[in-house]
Amino acid sequence: MKQAKWFLILHIFLGIYALSSVCSKLAARQPFLSLPFLLLYGGMLLALVVYAFGWQQVIKHLPLTTAYANKAVTVVWGILLGLLLFDETVTPRQIVGAVIIIVGIVLFVRADHEEEDRS
């Protein structure tokens, strides 16, 4: 149960990491060095700092291999955020890719846990 809590926390921080890309994309639409540009760019940097500190806490509680394998989920977050916030089209290839990423993570984490149980 404790690891489930840290998986949830990990994915929250990975979502924050993906949000840094949203801030970056929104900043790119603003005139250079305008107030909205600076605020969005600052938001991107803040998200990256929060993610970095959160990542350090997560790897104290989860195996590094498990935590690192889950970083691939940021691609899925990016697809979802693009769809929801920027009305981007999600292609069948992206859906297949997202499913492959999620299945790969699940298989890796399960195999990692089975190996730990044998030890």
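Biologist: What is the relative accessible area of L45?

Modeller: Relative accessible area sorts residues into buried (under 20%), exposed (over 50%) and partly exposed in between, using a 1.4 Å probe and protein chains only. L45 has a value of 42%, which means that L45 is partly exposed. Keep in mind that this is a predicted model, where local features need pLDDT of at least 70, side-chain atom pairs count only at pLDDT 80 or more, and totals for chains, interfaces and linings use all residues. Residues are numbered from 1 along each chain as its sequence is written, and side-chain values use heavy atoms, with hydrogens and water left out.

Biologist: In which helix is the place of L45?

Modeller: Helices (H or I, at least four residues) and strands (E, at least two) are DSSP runs, numbered from the N terminus. L45 sits in helix α2, and its C-alpha atom is separated by 28 Å from that of Q3, 42 residues apart along the chain. Another residue of helix α2 is G43, which is partly exposed at 23% relative accessibility.

Biologist: How many helices and strands does the secondary structure of the protein come to?

Modeller: There are 5 helices and 0 strands, and the pattern along the sequence reads α-α-α-α-α. Taken along the principal axes, the box filled by the C-alpha atoms is roughly 55 × 35 × 20 Å. Of the 119 residues, 29% count as buried.

Biologist: With which residues is I16 in contact, leaving aside its neighbours within four places in sequence?

Modeller: Contact means heavy atoms within 4.5 Å. I16, found in helix α1, is in contact with A47, V50 and Y51 once those neighbours are left aside. I16 is partly exposed, at 22% relative accessibility.

Biologist: Which side chains meet in a salt bridge?

Modeller: Side chains of opposite charge can pair when their charged atoms come close. A salt bridge is a side-chain nitrogen of Lys or Arg within 4 Å of a carboxyl oxygen of Asp or Glu. By this rule the count is 1 salt bridge, and the side chains of E88 and K25 form it, at 2.3 Å from N to O. This pair links distant parts of the chain, 63 residues apart: E88 is in the loop between α4 and α5 (92-118), while K25 is in helix α1 (residues 2-28). E88 is partly exposed at 34% relative accessibility, and K25 is partly exposed at 32%.

Biologist: Which residues form a nonpolar patch on the surface?

Modeller: Patches are made of residues with over 30% relative accessible area and no salt bridge; like charges are joined within 9 Å, and nonpolar side chains (Val, Leu, Ile, Met, Phe, Trp, Tyr) within 5 Å. Here the patch consists of L19, L80, L83, L84 and L85, with about 470 Å² of accessible area together. Helix α4 (residues 73-86) gives the largest share, 4 residues. L80 lies in this helix α4 and is partly exposed, with a relative accessible area of 42%.

Biologist: What is the phi of D87 near?

Modeller: Most residues other than glycine have a negative phi, and most peptide bonds are trans. D87 has a positive phi, near 55°, and is a residue other than glycine. D87 belongs to the loop between α4 and α5 and is exposed, at 67% relative accessibility. L33 is also not a glycine, and its phi is positive at about 65°. Look for L33 in the loop between α1 and α2 (35-61), where L33 is exposed with a relative accessible area of 52%.

Notes:
Areas by Shrake-Rupley, 256 points an atom, 1.4 Å probe, with all protein chains shown as cover.
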